[in-house]
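Here is a short report on one structure. Look at the chains before reading on.

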Amino acid sequence: MFAYIIRRVAATIPVMAIVALLVFSLLYIAPGDPATIIAGDQASPADIERIRMSLGLDRPFLVRFGSWLWDVVHGDLGSSIFTNLPVTHMIAQRIEPTLSLMLITLVISLTFAIPLGVVAAWKQGSWIDRFAMLLSTAGFSVPVFVIGYVLAYVFGLTLEWVPVQGYTPISEGVVPWFENLILPSIALGLIYMALIARITRATMLEVLSQDYVRTARAKGVGQRGILFIHALKNAAVPIITIIGIGFAALIGGAVVTESVFAIPGLGRLTVDAILRRDYPVIQGVVLMFSFVYVLVNLGVDLLYTLFDPRIRY
Amino acid sequence: MKRRTFLGSTAAIGATLAAPRISFAQSSRVLRFVPQANLSSLDAVAGTQYVVRNAAVMIWETLYGVDSNFVPHPQMAEGHTVNADFTDWTFKLRDGLTWHDGEKVTSKDVVASISRWMVRDTMGQKIKASLDAFETPDDKTIRIRLNKPFPKMLFALGKSNAPVCLIMPERIAKTDPFQLIKEYVGSGPMKFNTAEWVPGSKAIFEKFGAYKPRAEKADWLSGGKVMNFDRIEWVIIPDAATAGAALQNGEVDWWENPISDLVPLLKKNAKLNVDIGDPLGNLGSFRMNHLHPPFNNPLVRKAVLMALSQADYMQAVVGDDTNLWKTCPSFFTPGTALYTEEGGELLKGKRDYEGAKKLLKEAGYNGEKVRLIVATDVGITKAEGDVTADLLQKIGMNVDYVATDWGTTGTIRAKKDAPSAGGWNIFHTWHAGADCINPAPYTALDAGGDKAWFGWPKSEAVQKGIDDWYAAPDLAAEKKAAVAINKASFENVTYIPTGFFLQYTSWNKNVSGVVKAPFPVFWGVSKS
Amino acid sequence: MSVTLPSEYAAAPVLSDVLPPVKKRGRIAMFVHRYPTIAIGGSLLALILAIAVLAPYLWTVDPTAIAPAKRTRAPSELYWFGTDMLGRDIYSRVLFGTRVSLAVGFAVATVASVAGLFIGLCAGFVRILDTVVMRVMDGLMSIPSILLAIALMALIGASVQNVVIAISIAEIPRVARLVRGVVLSLREQAYVEAAIASGTRVPKIIWRHILPNTLAPLTVQATFICASAMLAEATLSFIGAGTPPTIPSWGNIMSEGRALWQVKPFIVFFPAVFLSMTVLAVNLLGDGLRDALDPRLAKRI
């Protein structure tokens with residue numbers, strides 16, 4: 001098992017190298033460079049060329065890639081072309097909001113989705129089942145920003161229960177931190193809720209029809225015991241798979257949510273950097289994303305062993 | 001967890017959330033401002049973005065500063081002396097000027113700053129071309145000796161158009177003018193808090209305690225900059241609807257540029273003020289490539305001029321509010337001294353599509369593709385681009401609509417290659433009205449062919465007009481030169497102004513002292 | 001049924017029916033009763049397809065004709081869904097946008113399925129390729145599709161093809177994983193081992209045994225990809241890297257009108273409703289297909 005973990009972690013390195021090369025090449029070929037944006041609208045072509053040279057953007061591809069790679073291996077992700085702040089600093093500033101958003105989204109989704117799926121499976125075929133599934137499918141069908149706007153309007157502007165935008169670090173109080181995150185989390189979480197509810201229901205249905213559940217029932221174990229102790233534990237594996245897969249979708253949806261609710265997260269950082277061609281930031285963030293994604297996959301695979309002792313690596 | 005405790009805590013949380021938000025009551029010493037764009041750097045000399053200039057004028061100062069009539073007054077300088085033919089200027093710094101790190105401002109800092117600025121600015125380049133020497137007889141005196149007269153020196157040093165002649169410490173001013181500065185130390189009324197800066201989200205300015213404002217009343221860049229806030233927070237909200245909601249909710253105090261469609265909503269709100277932000281407004285721009293067909297043919301350019309409807313463009317850009325736009329058959333800013341409509345007859349009156357089609361045929365236009373580059377991530381250029389696509393189709397031209405982003409537009413427009421080889425035929429932008437009041441800051445007016453701005457128009461008549469303006473001894477002569485420039489620019493159709501438009505600004509009623517200016521003025525503003 | 005027997009055989013007389021005859025349900029009604037989700041989803045989708053095909057005949061005008069003087073008018077008799085910020089008729093734009101959104105959805109589903117199938121089969125069968133391919137898939141999944149879309153847009157200019165490419169690349173790894181999983185599990189089956197042992201060539205094994213088994217989960221997956229691709233197109237338009245403004249799509253209608261949603265909600269409302277209905281229809285169809293084809297598949301999304 002230990003060897004498996006080592007092998008998987010070692011395998012992340014070639015993955016990240018491939019990703020780094022892909023991204024770097026893409027950025028290199030894409031037209032537009034930060035020099036034009038720095039120079040501003042009224043600058044002359046000669047000015048722009050001077051700025052390009054001072055940024056080292058006129059060097060050949062391999063030289064630029066090599067020099068960046070060398071720095072990365074030494075732990076230096078470079079500095080933003082515009083702000084001159086170290087890329088690691090800019091990423092670090094935005095990790096807390098992004099992680100907070102994902103954490104609360106996950107908690108809210110799981111809290112509502114799993115019971116929904118369990119109840120739907122328990123009362124399979126009834127109107128509760130159909131209604132729950134319709135609800136979850138509907139949650140899957142509306143664009144995130146539409147939900148976001150409606151939530152912000154109703155709960156933020158009209159009822160004034162929570163602020164409409166911004167982020168408060170947890171160090172300034174848990175309640176303000178939560179208040180800023182609850183609307184974006186719901187907007188982002190509806191998709192997750194839909195996926196998890198459906199998967200939970202489907203797995204529970206399969207498990208509930210198994211022999212050992214019938215035996216447990218025959219032995220007189222209460223309904224709640226069956227549902228939660230036996231069935232849910234066995235349903236955990238596919239649920240965790242979905243959480244892992246949904247993680248990538250979450251990143252995409254998070255960009256939209258961060259824009260609508262003005263949360264200073266990594267998604268918004270990436271998009272801004274791309275539009276400005278802030279190469280060090282783009283490369284640093286994508287590299288970090290791929291690293292985290294691979295770790296999440298590894299974590300998911302390891303969690304399997306916890307819930308299903310048959311799975312061994 | 002026991003069910004009872006779980007329910008209990010849920011109820012508690014529910015109760016806290018349900019209580020209406022009593023107040024986003026922030027201290028009256030903190031101002032929260034939503035700027036027009038993200039602040040990604042602070043170098044207003046190397047980079048000419050408007051938002052950078054707006055922030056920089058809080059941190060740094062200028063030797064002279066213009067007032068709302070564009071008349072320069074002493075700011076960092078105590079005064080000046082100049083000889084009869086404007087070739088020998090001496091400035092003396094006023095007392096009490098210190099940098100944010102405690103050091104005193106000296107003449108060496110001033111010389112280094114002016115030297116850096118001279119490389120990038122059009123007026124500065126003219127000074128540099130005729131510079132004999134800088135002299136610093138003592139710590140507070142600067143002498144500039146020229147070999148050609150330059151009567152507009154005070155305006156050059158005090159203007160608010162980017163690049164602004166900001167005075168920085170010598171070590172920072174020694175940065176290459178084509179590289180962004182890395183340190184933000186100035187002598188202005190606010191310090192920049194680099195530690196709390198979250199680019200793309202928040203920029204914090206703090207009051208500089210040791211700043212001594214001048215005695216006169218403040219007016220744009222002149223006079224005493226009295227700061228009534230300990231802290232100014234620039235909150236960057238990328239989504240316009242969210243910014244509107246935040247302003248209505250009291251989460252921010254002042255929104256620089258609300259989009260015009262949301263303004264009726266803000267006007268209805270009893271807690272908010274809405275007014276025109278910058279009376280000098282903006283001029284939209286339809287820029288053609290004079291190097292390649294079809295727009296290398298002046299008849300084709302004239303054909304477009306005949307059919308172009310500035311009303312269409314302006315309504316697309318700013319909406320239905322007629323207070324916000326005007327047709328502008330001129331290359332200069334309406335409402336300013338040099339404004340003239342002479343030569344702009346083709347833009348006035350009913351639009352002539354048939355005449356345009358005939359003129360195109362006469363010019364020999366044969367269905368060549370027109371490569372229209374549209375930056376869809378910027379509202380103004382996207383609106384202009386969409387109207388252009390429609391206009392060109394109406395007069396029978398073959399449009400290739402290239403939807404891309406602002407950064408890429410910047411690269412493409414710099415290419416002199418043929419459109420089929422990655423070049424361009426048309427792109428859009430706009431110029432701040434403050435940059436179009438006269439030829440000095442107006443890079444887009446130039447028609448020097450290869451050396452001109454993107455599009456590379458060539459017209460001897462326009463260049464002569466610009467030279468005449470620089471040599472003009474008084475306002476009457478300047479006006480004559482301006483008329484000549486206008487007529488020649490329309491004759492050649494160097495580019496087509498798509499109209500004049502204004503933008504609103506909106507702030508909470510508890511904020512007072514907001515003035516109309518080409519940049520947001522923070523001194524003299526207070527909050528109750 | 002009456003059979004005429006030769007007279008020498010004695011037969012009992014025909015008795016009258018004890019119970020009234022059970023009326024047989026029509027075949028369609030039977031289908032709807034057994035597979036309600038397929039029925040509802042399918043018919044809704046068919047309706048939307050019809051709208052897409054018949055758009056020019058449904059009282060629409062040119063969706064790209066601008067009229068800035070008539071911008072942001074509320075829905076009225078003249079403009080059924082109102083006009084947008086350039087004075088274009090939203091009803092026409094939404095109806096023509098159906099074509100683009102459906103095209104994106106179907107194109108992505110097809111491309112991702114075909115490519116994913118191919119990659120998954122290779123990875124499942126060729127041991128050496130498996131690790132390499134799966135790691136590359138991991139890498140692909142970790143590049144945010146938004147980055148890809150914006151980079152492509154900057155490179156070649158925004159277009160429907162770029163949107164399809166960007167979204168497909170994000171979806172292919174998932175399909176590949178699914179197919180690979182099926183292949184791996186099937187490879188262990190007795191009949192496949194028997195086929196290999198009896199000397200059947202690999203392509204024939206794939207064609208005869210593996211492929212039919214992958215089709216069911218693949219089809220279900222494809223419907224979900226179609227739905228999520230349509231939503232992704234809206235997200236990309238929101239960011240500004242979606243379909244170019246000259247081609248109406250629900251995504252870019254919503255994106256253009258989103259700043260005004262508080263004052264002119266109809267610009268976002270109508271495309272949002274159409275998008276939700278279509279995505280819902282496709283999801284229901286997928287759900288129904290999955291339940292019908294194999295209840296065991298319900299676990300493997």
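In what order do the six strands of the open sheet in chain B run? The order is S14-S18-S13-S17-S15-S16, and the pairing is mixed. This is a predicted model: local features need pLDDT of at least 70, side-chain atom pairs count only at pLDDT 80 or more, and totals for chains, interfaces and linings use all residues. Residues are numbered from 1 along each chain as its sequence is written, and chains are lettered from A and ligands numbered from 1 in the order in which they are written.

**The sheet of chain B**

Helices (H or I, at least four residues) and strands (E, at least two) are DSSP runs, numbered from the N terminus. Two strands pair if DSSP finds at least two bridges between them. Strand S14 (325–326) and strand S16 (398–404) of chain B are the edge strands. Each has a single partner strand, so one side of each is left without a neighbour in the sheet. Helix H13 (residues 406–413) of chain B packs on this sheet. H13 touches strand S15 (369–375), S16 and strand S17 (426–432) of chain B, and its direction makes about 140 degrees with that of S15(B). Strand S13 (residues 282–288) and strand S18 (residues 496–501) of chain B pair in the antiparallel sense, over five bridges. Asn282(B) has Phe501(B) as its bridge partner in S18(B).

**Where chain B meets chain A**

Two residues are in contact if their C-beta atoms, placed from the backbone, lie within 7 Å. The contact takes 42 residues from chain B and 46 residues from chain A. On the side of chain B, helix H1 (3–18), helix H7 (240–249) and H13 each give two or more residues. H7(B) gives the most, with six residues. This side divides into 16 nonpolar, 19 polar and seven charged residues. Here Ala, Val, Leu, Ile, Met, Phe, Trp, Tyr, Cys and Pro count as nonpolar, Asp, Glu, Lys and Arg as charged, and the others, Gly among them, as polar.

**Helix pairs between chains**

Two packed helices are described by the angle between their axes and the distance between the axes. Axes are lines fitted to C-alpha atoms, for helices over the stretch in contact, and angles run from 0 to 180 degrees between N-to-C directions.

| Helix pair | Angle | Axis distance |
|---|---|---|
| H7(A) (residues 144–158) and H7(B) | about 0 degrees | 11 Å apart |
| H1(A) (residues 2–29) and H4(C) (residues 127–142) | roughly 55 degrees | within 9 Å |

H7(A) and H7(B) are therefore roughly parallel to each other. H1(A) and H4(C) are therefore oblique. Angles under 35 degrees count as roughly parallel, over 145 as roughly antiparallel, 65 to 115 as roughly perpendicular and the rest as oblique.

The contact of H7(A) with H7(B) has five nonpolar, four polar and no charged residues.

**Confidence**

pLDDT is the predictor's confidence in each residue, from 0 to 100. The model scores ipTM 0.80 and pTM 0.83. Chain B has a mean pLDDT of 89, and chain C averages 82. Among the elements of chain B, H1(B) has the lowest mean pLDDT, 44. Over residues 1–25 of chain B, pLDDT stays under 50. Where pLDDT is low, the predicted coordinates should not be read in detail.
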